[in-house]
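Biologist: Could you walk me through a few side chains in this one? I'd like the cut-offs as we go.

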Amino acid sequence: MAHVTFWEKPGCGTNARQKLALANAGHTLDVRSLLTEPWTAERLKDFFGATPVASWFNPAAPKVKSGEVKPEAVEAEAAIALMLAEPLLIRRPLVEVEGARCAGFDREPVTSLLGPAAPGARPLEGCSHPGEAHPCPAPGERKAS
């Protein structure tokens, strides 16, 4: 099994399901906050590889949902600068496994770690609460359960 470094938005329900899927598959996790990690442009860009710039963005980020940031109209350097200034714009999770990196849960190396999804399984990519104005609590505002 693999050791996975997993950068999340604390309190995100989708990230919680993703971490559980990895743990249930026998992998160990080093979970970190995407919001407080000291990112550099070079390090962050490594997670996106050859994917289109628009796919680097979290479609559920408030500035993307409101139209203030239009991912399809942003060049690579500007995208990285926006994400360094506001990490909520970064597509998550960011994952690193044995030097391989990706942004999102539907790409390698994640897909190899999990194998095929069970028929009828709840999707592990995308917002858990897409219809809500503020789908996930802000870090520190999560209610104790």
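Biologist: Is Asp 106 buried, exposed or partly exposed?

Modeller: This is a predicted model, where local features need pLDDT of at least 70, side-chain atom pairs count only at pLDDT 80 or more, and totals for chains, interfaces and linings use all residues. Residues are numbered from 1 along each chain as its sequence is written, and side-chain values use heavy atoms, with hydrogens and water left out. Buried means under 20% relative accessible area and exposed over 50%, with partly exposed in between (1.4 Å probe, protein chains only). Asp 106 has a relative accessible area of 43%, so the label is partly exposed.

Biologist: Which residue meets the side chain of Asp 106 in a salt bridge?

Modeller: A salt bridge needs a side-chain nitrogen of Lys or Arg within 4 Å of a carboxyl oxygen of Asp or Glu. Here the N to O distance is 2.7 Å, and the partner is Arg 91.

Biologist: And is Arg 91 buried or exposed?

Modeller: Its relative accessibility comes to 9%. Arg 91 therefore counts as buried.

Biologist: Which residues does Ser 55 contact, leaving aside neighbours within four places in sequence?

Modeller: Ser 55 is buried too, because its relative accessible area is 18%. Contact means heavy atoms within 4.5 Å. With those neighbours left aside, the residues are Arg 91 and Arg 107.

Biologist: What is the N to O distance in the salt bridge between Glu 86 and Lys 63?

Modeller: Glu 86 is partly exposed at 22%, and Lys 63 is partly exposed at 27%. Their side chains meet at 2.9 Å.
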